[in-house]
Amino acid sequence: WNSTRRVVVVGLKVRRDFNVYRAAFASRGFAAMHLPTPLLLRSEPGSGLHYGPVAAPRRLESVAAVLCHSVLASHCFKGYPDAAGGAEAANATDPSEAARRIFGAVEPSVKINRLPGARQVLTAKDGLCATLRASGLSAAETSRFTFPCWSLPEDRRRLRDALRRGVDSSVQSSDAVRGGVEPHAPQGDAGGGNGGGNGGNGGGDSGGALGGGVDVGQAQAGWRRREAFPWRRGLWIVKPARGSVGHGIAIANASELLAAMRGEAVALSYGGSFPPGRAVVSPYLSEPLLHDGRKWDLRTYVLCTSALPMRLYLFTEGVVRYAAAAYGSSGRAAYLTNTHVGKETLHRGIAPITGTFAALGDHFSARAQRGGGEGEGGGGGG
């Protein structure tokens, strides 16, 4: 697209995955270049990207694309002193300012795998919770594709009121929910944050055919007819707002959650401890659809090639993630489908805890023909 056949890959995970990138780009006629350190940014717009030692940086020329292979853009781009404002200005901590500096430095013909602000509104749990609230969707509407969520500490009062109204006990009717707690109703205080996972129970309900003749839409419709809000049982899942790899996740009942919010030391029924600092709380789906007695979820992949206009592609294949222990047994390995947790539990890699969509569809098709069933509800993730 700009007569250049060189791609620069930078970020914390490049050392691990560079050979994969190099082979993939080579098959398309591109040469991949690995930079061991972040690209350098001057503070003035249009100054271009630089690399190498700060004392003698070199301008990055003739590049078709820059791939930041890291969750945080700060692992890929770093400001350095110059006459126009110094490193402090270039290393802006405000996400919008940092994005402006990064995109301002990149030449218009160079592609970059970043959408400004995506982490703040989508890929961190508290940010996604804030985005859902800002959407103005009701609890009934959001229940079609996700779980309600509360961000702590800012939603402490609303969550406390929800718990005290008995949302955690027996199943509530949809009318009671609409007249009671609407966690995603506009509140005028949708804070910042980053999305990714909604602190809830994960995927499992990914639309589309799983293979083998499973009609997911029809199954979901039947599920909702039986119970308008199947997550309104007795347990809640609490996750660190910016956590990963299954660390700091706790499952608690309402009384334990209320006590923890009051600052009391609580021994949680399902192990673990209430995460310190910012957290996201969601109802826990207590009756997930099981596969051979284990929880599972779907890890799907979406490619965004344009923001304006929005252009998305959903990959037809993905990864099914299985819990490492049977549902109902003790320990978090029975309730979380996180592959890091599974590997720590089994010490056998990811093969026993992952699978394909096609195999999952074949399993449930065969089970349906036999007339068997394991649990109810959607395939809750971790």
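Analyst: Angles between elements run from 0 to 180 degrees between N-to-C directions, and axes are lines fitted to C-alpha atoms, for helices over the stretch in contact. The model is a predicted one.

User: At about what angle to S11 does helix H10 run?

Analyst: Helix H10 spans residues 254-261. The helix lies across S10, S11 and S12. Relative to S11, its direction is at about 110°.

User: Which strands are the edge strands of the open sheet of 4 strands?

Analyst: The order in this sheet is S9-S12-S10-S11, with antiparallel pairing. An edge strand pairs on one side only. The two that do so are strand S9 (150-152) and strand S11 (250-253).

User: What does the twist average from one strand to the next, and which strands does helix H5 touch?

Analyst: From one strand to the next, the twist averages 30°. Helix H5 (residues 125-134) packs on the sheet, and its direction makes about 135° with that of S9. The strands touched by H5 are S9, S10 and strand S12 (279-283).

User: Where does helix H1 bend, and which strands do its buried residues pack against?

Analyst: Helix H1 (residues 14-26) bends by about 30° at Val20. Val14, Asp17, Phe18 and Phe25 of H1 are buried, with under 20% relative accessible area. The buried residues of H1 pack against strand S1 (6-10), strand S2 (31-35) and strand S6 (65-68).

Conventions:
Residues are numbered from 1 along each chain as its sequence is written. This is a predicted model: local features need pLDDT of at least 70, side-chain atom pairs count only at pLDDT 80 or more; totals for chains, interfaces and linings use all residues. Side-chain values use heavy atoms; hydrogens and water are left out. The bend at a residue is the angle between axes fitted to the seven residues ending there and the seven starting there. Buried means under 20% relative accessible area, exposed over 50%, partly exposed in between (1.4 Å probe, protein chains only). Contact means heavy atoms within 4.5 Å. Two strands pair if DSSP finds at least two bridges between them.
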